Amino acid sequence: MLRALRRFLRSSDATAAVEAAIFAPIFVVFTLGITDLGVGTFVGMTVNSAAQAGAAYAVINSGSTGTCGSLTPACISGVQTAMNNATGNSSFCTASSACQVAFNSCADPNGGVCFIVTANYLYSPILPGLYSWAVSQTYSSTATVRIQ
Amino acid sequence: MMISQSQNQVWKCSAGAVAVVTAIVLPVILGFASLGTEVGHWYFTQRVMQGSADASAISAAAQYIGDVNAGSPSSTTYQTVGVNYALLNGNFTIPTSNVCLITSSSNNCAPVLTLDARPISTQCGTSAAPACIVVEITQNTATWLSTKASFRPGVGKLVQAIPAPTLMARSVVTILSQTKTETTAGADCILALANATNAVTVEGGGDLVAKCGIAIDGGIDQNASGTAIGGIHFNGSNSKTEATNLVMTGNYTENQECVDASGHHCYLWSATQSPPAGTGSTTLLPASDFYPNTATQDPYAATVAAMFQSGGIGVPPQGVASVTINTQGNGYTNGTRVFTLTGGSASAPAKVVATVSGGMVTAILGVFDPGAYNTVPGGQPTGTPDIGGGSGGTFKLTEGCFAWPGTSVGGMPWTPIAGRKYCSIYNHGGTTINFPTGNYYIAGGDSNCVGLCQSGNNAVMTSAVAGVTFFLTNGEGTGTYGSSSYATISIQSGTVNLCSPGTNCGTTCAASTLATECMLVIQNPAAPLSTTLKSINNIVNGNGKNTLAGLVYLPKQTFSTVGTSSIGGCFGVIAYYIDIGGTPEFSNGCLPGNGIGGTTTTVTTLSDPTLFQ
């Protein structure tokens, strides 16, 4: 019994496999971390472009004859469609919290009226918690545009 | 020996090979992976920067549009706003010089071009894009380890470090400009067009009461080449005016026009002191209400000129002036018959009163209604009798203006008919005429009357509340009342109470779709010129108080009120000369459109910010 164990330890057969098995998790942790970073960047870009597309729709249609002269249901619907199109995800805005449109006095001291479009998206990393960027969280982007 | 042996053993030994390979390869793989990640991050940053620049430029444009439209085109607040919104959208801090403006007259985008040499559209500052707001956001890429430690093939050397690129985002927003015409309502109700020092003359004892301004245009609008001398003249010691302001083209001083040896003549209209409420204002017209060297355009010149062009509302219809019997026919009911003529192109057919005897038409008593025709019936038209049958009767007719028949035609009671061409309208004696609403065309006058006339102390002319308009135009053919004779007004006595459409005989005139809204008398501007005061006169006199509501428009002739007459109502007048006796009261409440003395200004506003580049 003892001899068999000693022979196993002394044996140099398949040492590469054993070593690979030791290093593989380290390697995987690195690569998955980078993947998560890439996915996170993608999600960030998605919410950013969604917010910008929504704001652009509101600005373009904010003339006196457009649907976004005030915050009409048609305006909100148009903004959300633009946001869906920008993300390539027709259900991006399905959750009411995902796409928010507001039409308010601007917070800026110079006054005016602003469209504030916010896009939210839940980011779930493959390796949650291991890296600072790989934390399950809601990515959010807001575009604030003054139209008057 | 030992060494070489141990070396051989190291090289030969395969234990720990993966660790070694990993140690060598991992940094390389991680390096490339992180470089890729970082380049991805550049794109991400670039994307956010572009969005921020767009939002910033649109917001700055909103501020700039507001500033320009508020009359502060040189305000630079747009730069502050641009900076604030770049910060708000993505937390980019940019200097104010990165928010710049290009217009046809200014361009402060040089700092932006220094940062980012990409040209800005040459359309900026042209009519296609009168104003462009440009926002530039630049940022050096994060100097991550991978960027610093990465290499690429170099020219002249093996490798060189990859430079950290500067990311640049530019947004150009164009702003469109619109020009629109803004008009303000005028405050005047009397406008004299003659370039004469006595364009408005107030006769001795006369009191021109104007709850409005008096304007004398002479010279500038009508006679562009002449020296402007249009003014007001007071003819006698008791002549005066009570008005809210006095606007004249002549180079006068207040003392020169309103004060002479006999004293002051110009008073400020007062609601309580001026007639009809009181006996006269005691407040002198302040210098601030005296405007010399100021032209006042005739605001209706083009509109009225068009009315008398072919097809215009001022062109009278054709009508049947007189009728004779062509064939007598048979079978008609004996007595006095009214025949309605057939044929022609008519909006209303003519009616003729004739005597029928033995079933035949034996005599024409007169034209009862001249009709309103585009073309009167040609040949020998037949007529349809009011009672009974009959046939074969035909008539010969003459086109022309209809002589005002007074109270009856061939014994048939007669009332004025709107929309007909009259030679004159002449009310005399003790008759009262009530004009139904509509347009009355007076062509040239006739031997009874020069146009619209009234005489006789008990004569009265009134109109329907819905209003009437009299078109004074020229006659037809040759002779005294032919094509060169234009109808005028001669109301010598009696009482007149006439209202134009829209006034409802009240003190205001409601806008309507009628071309004649608020217009009571319109004289064809082709009428001969009254070269001096009263040389061709239109008189509104009377022994009672006349009431007129609307505008009397006599652009070539003199309008005068004489003696002790008074005119009330809501009345404005435009004439070449205006001669005032008595106490006529004028107001600007019943003028068409924007009234007299309004201003028309062209305003340029900016709007429609659009992402351009």
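Mentor: Helices (H or I, at least four residues) and strands (E, at least two) are DSSP runs, numbered from the N terminus. Chain B has 7 helices and 41 strands. This is a predicted model, in which local features need pLDDT of at least 70, side-chain atom pairs count only at pLDDT 80 or more, and totals for chains, interfaces and linings use all residues. Residues are numbered from 1 along each chain as its sequence is written, while chains are lettered from A and ligands numbered from 1 in the order in which they are written.

Trainee: How is burial judged, and what percentage of the 613 residues in chain B is buried?

Mentor: A residue is buried if 20 or more other C-beta atoms, placed from the backbone, lie within 10 Å of its own, exposed if 12 or fewer, and partly exposed in between. In chain B, 46% of the 613 residues are buried.

Trainee: What span does helix H3 of chain B reach?

Mentor: The expected span of a helix is 1.5 Å times one less than its number of residues. Helix H3 (residues 77-88) of chain B reaches 16 Å from its first C-alpha to its last, close to the 16 Å expected. After H3(B) comes Gly90(B), with a positive phi near 105°.

Trainee: In what order do the 4 strands of the open sheet in chain B lie?

Mentor: Two strands pair if DSSP finds at least two bridges between them. The order in chain B is S21-S20-S18-S23, with antiparallel pairing. Strands S21 (360-369) and S23 (383-385) of chain B are the edges, each pairing on one side only. Within the sheet, 6 bridges join S18 (residues 335-341) to S20 (residues 351-357) of chain B. Arg337(B) has Ala354(B) in S20(B) as its bridge partner.

Trainee: How many residues of chain A are in contact with chain B?

Mentor: On chain A, 28 residues are in contact with 30 residues of chain B. H2(A) gives the largest share of the chain A side, 17 residues.

Terms used. Two residues are in contact if their C-beta atoms, placed from the backbone, lie within 7 Å.
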